[in-house]
Amino acid sequence: MSGAAALLLAAGALIAPLLATAEEYSEDAVKAAYLYRFAGYVDWPGGEHRGRPFVIAVFDAPDIARELRRLVPGHTIHDRAVEVEEVRAIRDLGDPEILYVGAGRTAALYAAASALAPKSTLIVSDQEDGLSAGSVLNFLEIDHRVRFEVSLGAAERAHLRISSELLGVAVRVFGGHRQSREGCESRPVDAAGDCAIRQARELPPGASGGDGAGSR
Amino acid sequence: MAVALLPALWDLALQARAAGDSGAEDLSRMSLAELANVEVTSVSKSSEALLGAPATIYVITHDEIVRSGVASVAEALRLAPNLLVTQTSASAYVISARGLGGNPVAQNFSNKLLILIDGRSVYTPLFSGIYANTIDLMLEDIDRIEVISGVGATLWGANAMNGVINIITRSSYLTQGTLLDGLAGNQDQSLAARYGGRVNEEATYRVYGFEFHRGAMESADGSTAHDGWQKGQGGFRTDWSNDRDSVTVQGDLYRGSENVPNDSDSLVAGGNLIARYQRRSATSDLQAQAYLDQTEQFAPAGGVGFVVQTYDLELQQALALGSIHRIVWGGGERIYDYGITNSAALLFLPPQRTLSLGDVFMQDTMTASADVNLIVGVKLEDDPFWGWTPLPDARLSVRLSADAAAWAAASRAIRSPTPFDDDVEEKLGPVSYLVANRRFHPEELWAYEVGWRAQPASTLSLSLSSFYNAYQDLRTVEPASATQFLPLYWGNSMRGATFGVDAWLNWQINSWWRLSPGVSWLRERLEFKPGASQLLGITQAGDDPSAHASLASSMNLPRRMTFDATLRYVGALPDPALAHYYELDARFAWRPSKALELSVSGVNLLHERHYELPVPFGEQITRSVMAEVRWRL
């Protein structure tokens, strides 16, 4: 039986490459695609950006930066050319529209959140409790899928408006203030996101992402 | 033959890699909702977060556990290369790290590990060991198991002498929906169900229940050891969180029974309730936790046994002071209230006690420069039977480059006396041959460690650490006096050092195949103090193999199939002696749809039966194969 078990192991290892047709995506490629997509569902304040490229900064995540660079050519965001910047130190951060902080870089995340506090940067983190460090979006992996959660409080502080469609795909949305049960009409109008929670469909992790997220 | 396969495999792997690198184009065309639906093959990311950590840490991820084919938490612990897990019966396992795993000949049990489930300590205060039949969980609910070898006293708690095992379950918002799991095999059968729901935007919950039956192992002559057992368990967890605060309340209840030859069943039962509050901000992180725990084990017909009730309250705060200091401080109080029903041969006197274990600690992480962190901490522990002891800890972590870091640590830990060390009396008929003496000293350890971690490529991460443990006052058996042999008592007449290396690497060979070899090597240089009786010899501190190793292979096959296998090696045990052995666990799974997963797995596949601890201390562990259906509604 020990021979048979070893044979089973070896057979599995041998057959697999013969069958391999690469149809699965890497986590990094999906996250890079998300970063690109997020931009279309977020409104940055002010309008004097013509001519300046849309910057997606990546801190300490060379694989994500590489995937972004492969994905970005030929695409524009809000009619601006897209530039991917790899950042090695928080002090080198300029004023990117989006900042992705690599997984596990908690200290850098806190530093980035405070350094970018006066600016309007969409900070995307990739770790447990990333939102409490000050990011606006945080990636989660649930049942072999990359999902994300949103902090509307952080979005408000960064003067970013987040579309309800993005909120609808999120796994969790943390409100800027406590949510009441009344409809949107009874609340004063402030950040678009507040009311959007009412309309957002929460998807249980593990359920197919296509349902209930609105037509795309 | 295996060696000849490797070049062929390598060529095929390279070809598969070349074919599999596209996809960026397709993804850029996908909507958010479509991206949320894409199945990804993930690379183990835990190493990135750990790069700068100044300790030997192996994180067993949720995926590793679920894909390995193991059926219990104790078996899942084998996935950590820095832990040694030895199965002795259908329900009993000995778990140790860095040696000194105990020796049943000397009634010495593996008693130097702290094991926590969601912050609740689960080692028994009666002798500091682990009852493996009380740590079952629904494996699907485990988020990760952090295995930290070495001293964890300052931050983690009492008894963290050789290591800390921190089992963390998933927040309920990650376990939504209905899950049904059925498993049947030649040895194990189980049924489990879990439902997760949402109360509102901020609060989620889950409830679960499972029941399993584990078949008996075999005795020396191949007949059944009659040690099969079954257990039913259920529990819940609720999580509430907003941007700043989070509250978790969780609890479990279990009851199991184990067959005993020629007798009715023995009983294990217990329950717990934990409440945890956390408030986080950019500068401060406050945690408060309280739990109640009750556990009992009784021999057949309500005979010998014990009940232990635990009440625990802990507070901890992490603060940033300026840009250089990050302080963690806190304290806690734990009350153990136990009652023992003594047998005629083994008595605890007094049979009931209320023990109090308190502690207060502080740790400062100083950022000396962008690449160097110095961590200094101390815990003051107030142990029952002994009083206040300082447990200092100093660590240095140096970031050598963007992908490599080195660290060094020096720390002190103790194993404080337990009721087994202080209160026990053992008799043979009317004669007391061992009477524990109330002057038992804590066992003491000064541990010196260095380590290095690197991630030279995104596909390769390595960890190497070395330790030198200087022990004092290890437990021995001493005669009553120079003139009188009986009664014996527990002395502290052993000391010495152990040293060794823990190393592992994680190699993502290509997008679908990951290999993780790991090895643990140990040398023990223990000696008796002058005047010691030397009864039962040096190996009473631990019947430890000088090396153990594992090789895990994880493959994502096309058509949503996976194949995982872990080969392990355990070196020869010195005394009582046992030959070295290899064993294999493997699992093949297929996800025909998003909701359904079918799998076939086996544990201990290489031999129809084998010993992990020699007769009479262990049964023969038999091969187990099983099929499982996991259905998400």
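Colleague: What share of chain B counts as buried?
Modeller: Of its 633 residues, 58% count as buried. Bear in mind that this is a predicted model.

Colleague: And the surface that's left, how much of that is carbon and sulfur?
Modeller: Carbon and sulfur atoms make up 61% of the accessible surface of chain B. The total comes to about 23900 Å².

Colleague: What does the radius of gyration of chain B say against a compact globule?
Modeller: They agree. A compact globule with 633 residues would have a radius of gyration near 26 Å, and chain B has 25 Å.

Colleague: What box do the C-alpha atoms fill?
Modeller: Roughly 85 × 65 × 55 Å, taken along the principal axes.

Colleague: How many helices and strands in chain B?
Modeller: Eight helices and 39 strands.

Colleague: What share of the contacts comes from residues 24 or more positions apart?
Modeller: In chain B, such residues account for 60% of the contacts with a separation of 6 or more.

Colleague: Switching to charges. How many positive and negative side chains are there in chain B?
Modeller: Chain B has 49 positive and 70 negative side chains. The centres of the two sets lie 3 Å apart.

Colleague: Now rings. How many aromatic pairs over all chains?
Modeller: The count is 22. One of them joins Tyr448(B) and Tyr468(B). That pair is tilted, with 6.5 Å centre to centre and 40° between the planes.

Colleague: Which strands hold Tyr448(B) and Tyr468(B)?
Modeller: Tyr448(B) lies in strand E27, residues 443-457, and Tyr468(B) in strand E28, residues 460-478. The pair therefore ties together parts that are 20 residues apart in sequence.

Colleague: How accessible are those two, Tyr448(B) and Tyr468(B)?
Modeller: Tyr448(B) is partly exposed at 38% relative accessible area. Tyr468(B) is partly exposed too, at 41%.

Colleague: Where do Tyr569(B) and Tyr582(B) lie?
Modeller: Tyr569(B) is in strand E32, residues 561-570, while Tyr582(B) is in strand E35, residues 581-590. The two are 13 residues apart, and the pair links distant parts of the chain.

Colleague: Which residues do ring pairs link into a cluster?
Modeller: The cluster holds Phe109(B), Phe127(B), Tyr131(B), Phe306(B), Phe348(B), Phe420(B) and Trp490(B).

Terms used. Residues numbered from 1 in each chain as written. Chains lettered and ligands numbered in written order. Predicted model: local features only at pLDDT ≥ 70, side-chain atom pairs only at ≥ 80, totals over all residues. Heavy atoms only, no water. Helix = DSSP H or I, 4+ residues; strand = E, 2+ residues; numbered from the N terminus. Rg over C-alpha atoms; globule rule 2.2 N^0.38 Å. Buried < 20%, exposed > 50% of the residue type's maximum accessible area, 1.4 Å probe, protein only. Contact = heavy atoms within 4.5 Å. Areas by Shrake-Rupley, 256 points an atom, 1.4 Å probe, with all protein chains shown as cover. Lys, Arg positive; Asp, Glu negative; His and termini not counted. Charge placed at Lys NZ, Arg CZ, Asp CG, Glu CD. Phe/Tyr/Trp six-rings, centres within 6.5 Å; stacked < 30°, edge-to-face > 60°.
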